[in-house]
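These are my notebook entries on a structure that I looked up. I begin with a question on one helix and then turn to a pair of helices and to the confidence values.

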Amino acid sequence: MNVADLSFYFFAGLLPLSVMAWMLGRNKVTGATTSERWNSRPGHYGWYSVIWLAAPALAVALLAGLLHLTGLYPVSGTVFLPVAFMAAAAGCWQGLRLIRPSLRAMYAIEKVIRGLLITAAFTSILTTIGIVIAIIFEAVQFFGIVSFWDFITGTQWSPDAASGENVHGMFGSIPIFAGTFMITLIAMMVAVPIGLLSAIFIAEYATENFRNIAKPALEILAGIPTVVYGFFAAITVSPLVVKFADSVGLHADYTNALAPGLVMGIMIIPFISSLSDDVIRAVPQSMREGSLALGTTMSETIRQILLPAALPGIVAAFLLAISRALGETMIVVMAAGLRPNLTWNPLEGMTTVTVRIVDALTGDQAFDSPETLSAFGLGLVLLVITLILNVISIYVIRRFRQSYE
Amino acid sequence: MSLQINANMKRRYAAEKRFKACAVAALALAGAFLLFFFSDMIAKGLPALQQAEILVDVHYSDTSMKSYRKAVDKPFREIVSRGWLRTLPLYMEDHPELMGTTQARWVIADVDVDQYLKGKAHRLKEKYQLQIDQLQSEGRVKLAFNTGFFTNGDSKMPELAGIKSAVVGSVYVLLLTIVFALPVGVMTALYLEEFAPDNRLTQTIEVNINNLAAIPSILFGLLGLAIFINFFGAPRSSALAGGLTLALMTLPIIIITTRASLQSVPDSIREAAFGLGASRWQTVWHHVLPLAMPGILTGSIIGLAQAMGETAPLLIIGMMAYVPDAPGSILEAATVLPAQIYTWAGESIRAYEERTAAAILVLLTVLLSLNGLAVYLRKQFERRW
């Protein structure tokens, strides 16, 4: 029996047993002849016995899983299932024995529920820790092979040429980060003006009805999967860019940085517009009215009163948008090149951090080859930048909220 | 003096007009892009819903059993889909009663015939072009609805490639995502909103969730690869690994939206329940949770839609494998619709382009309906207190 079958039989067995335990626990209360007052409702005693049934069984399952994973003792199905169900039966018997009028079953249940909720809350922490550990663990191995200094100052990235001991100078990440920042810059140059002006129109000029249509319509842009944007950038926008460059006498690669940058910018518009819209509307109405009462036009009020007031929120929106652009993968994987290229010309092909991560991990290299490990080195840098941007933007937004709300 | 004021006013009003025009133009630009994008995708994808078919005599005989190309007469061998011919021996095994007969059947045409008929770039030789024109005037060539696109798995022959295995893979992955993410997400939100004391630990968890929501999706792929596959030994490319990875990614979205909808339930409800002697859990389970349900549902649907369109982390854990048949269990190699789009987009044969766009249309239709459903549910059940 494999693990999937085993867990199926385990849960399929546990379910009817739980129902049975619930009924036994409740019946012990409803069928009782004692005149004493029961502390909790009959159903609570039912659940109480279910907990006593399920907890030992789950504990056995957890133990078996641990033993199996660590390889200390290979647990076979013929051992595991009887042991688990025997533990369940013993637990249930003990639980039923404890049921008496003075038992505070409800409080016991609440405690267990609380414990379960706390466990769930900890998965979020575990996930973060998992990501950090997984990346750092592999990144440390990578930086054991390639020196960190070479990594951040080298200008040549050619992992294919790196074999065995010959890794010196092959993992210089500057061209990769240059490409990443170039594409992010192009994206922001598209997204910031369009997003901000759209937000201003929606927040200040538009009627309520128009707003109700325009806002969800912009949100559609954020709902389009990135792989679709990638296809669009590679198949439609890139040839357009090449054609346009040709018509003005310039040469553009088919994997130019401009096409993914433009498309990424469009993808980011809703991030900027919806956050900016929120903060602009959060500026108190009294400031708006005070300014207009002094005889300013709407645009003067917006530029000189509202935007400065909403600035922290808008900055936070920019930061979030930048971190989104830095970590965006599919658009660049499909439309930007693979060739690390240190240049200012957006019409040339260049590559990004995320492209190299995908490339390193979808190839045929062994898992501990320097190229595969380099993905984790790049991932670590990406993670750190993203977290810093996020923490700053949370801080800025909190300051903004404090000043107006 | 008043002239000067007038001139000044004119200038200011002109500036006002310019500014407003800029804002309108920005919005119009975004709208125009949306329009351009959708019409481009539809124009590219719609042709794939049709497939060229040719009426030919198919010989079911021992000769064609041995060499399947002989099942059709010589002039047709180059214009009928080779991939389809290859399936003939299997078909004959399943239908022994057909042996020894010859039937006129509509048969899937070769990809170049298909592209030629649709007026696209093709590599069909002059001689066959004339033959197709001839057949067309006899009514023996037609563009029929492409059912194969929805009922076939992936294939190295563009005319036979379909999205079925990817759709089945997507369904598996999403089911796993819901099963893992929804209970844990809702429970976390319940704890933070209804049970947790406001202490350091709670704040740490909150900051964590915010950070988790901002981490690029590709890093979740690194997590899935290092933890689920390398450490826990989940099979590579399996729906299990994909579902777990996407569940972790969806978790923060579900937590954040659930918390928002729990917050919108007024305290008077809780106080009334406490006043009647209900315990904390009774209050939450019988009163707060049912009232917050529409919001939780909406948030989960949105989170699910996002997970459904996600590709990057799944590439990292190997879910772009070539999967011709729908996976039978969550441990088998599977692919999902976005990953299928990615692999088709990378194919060198041009005929895959329209199929890629058609798969995109399918994906977008599902995603937009999911989002529409979320908006509808919110409108339908939203309560203002």
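Entry 1. What covers the buried residues of α1(A)? I noted that the model is a predicted one. In the model, the cover over the buried residues of α1(A) includes α2 (42-70) and α3 (77-98) of chain A. I then listed the buried positions of α1(A): A:Phe10, A:Leu14, A:Ser18, A:Ala21, A:Gly25, A:Arg26 and A:Val29.

Entry 2. I looked up the length of helix α1 (residues 3-30) of chain A, which has 28 residues. From its first C-alpha to its last, α1 of chain A reaches 40 Å, close to the 40 Å expected at 1.5 Å a residue.

Entry 3. I turned to helix α11 (residues 298-327) and helix α14 (residues 370-404) of chain A, whose axes come within 8 Å and cross at roughly 165 degrees. Angles over 145 degrees count as roughly antiparallel, and therefore α11(A) is roughly antiparallel to α14(A). The crossing of α11(A) past α14(A) is left-handed. On the side of α11(A), the residues that make the contact include A:Pro312, A:Gly313, A:Ala316 and A:Leu320. On the side of α14(A), they include A:Leu382, A:Ile385, A:Leu389 and A:Phe400.

Entry 4. I checked the confidence of chain B, where the mean pLDDT is 88 and 100% of the residues reach 70 or more. Within chain B, confidence is lowest in helix α2 (residues 62-66), at a mean of 80, and highest in helix α12 (residues 267-275), at 94. For the complex, I recorded an ipTM of 0.90 and a pTM of 0.89 from the predictor.

How values were computed: Residues numbered from 1 in each chain as written. Chains lettered and ligands numbered in written order. Predicted model: local features only at pLDDT ≥ 70, side-chain atom pairs only at ≥ 80, totals over all residues. pLDDT = per-residue confidence, 0-100. Helix = DSSP H or I, 4+ residues; strand = E, 2+ residues; numbered from the N terminus. Expected span 1.5 Å × (residues − 1). Buried ≥ 20, exposed ≤ 12 C-beta atoms within 10 Å, placed from the backbone. Contact = placed C-beta atoms within 7 Å. Axes fitted to C-alpha atoms, helices over the stretch in contact; angles between N-to-C directions. Parallel < 35°, antiparallel > 145°, perpendicular 65-115°, else oblique. Left-handed = near helix turned anticlockwise from the far one by under 90°.
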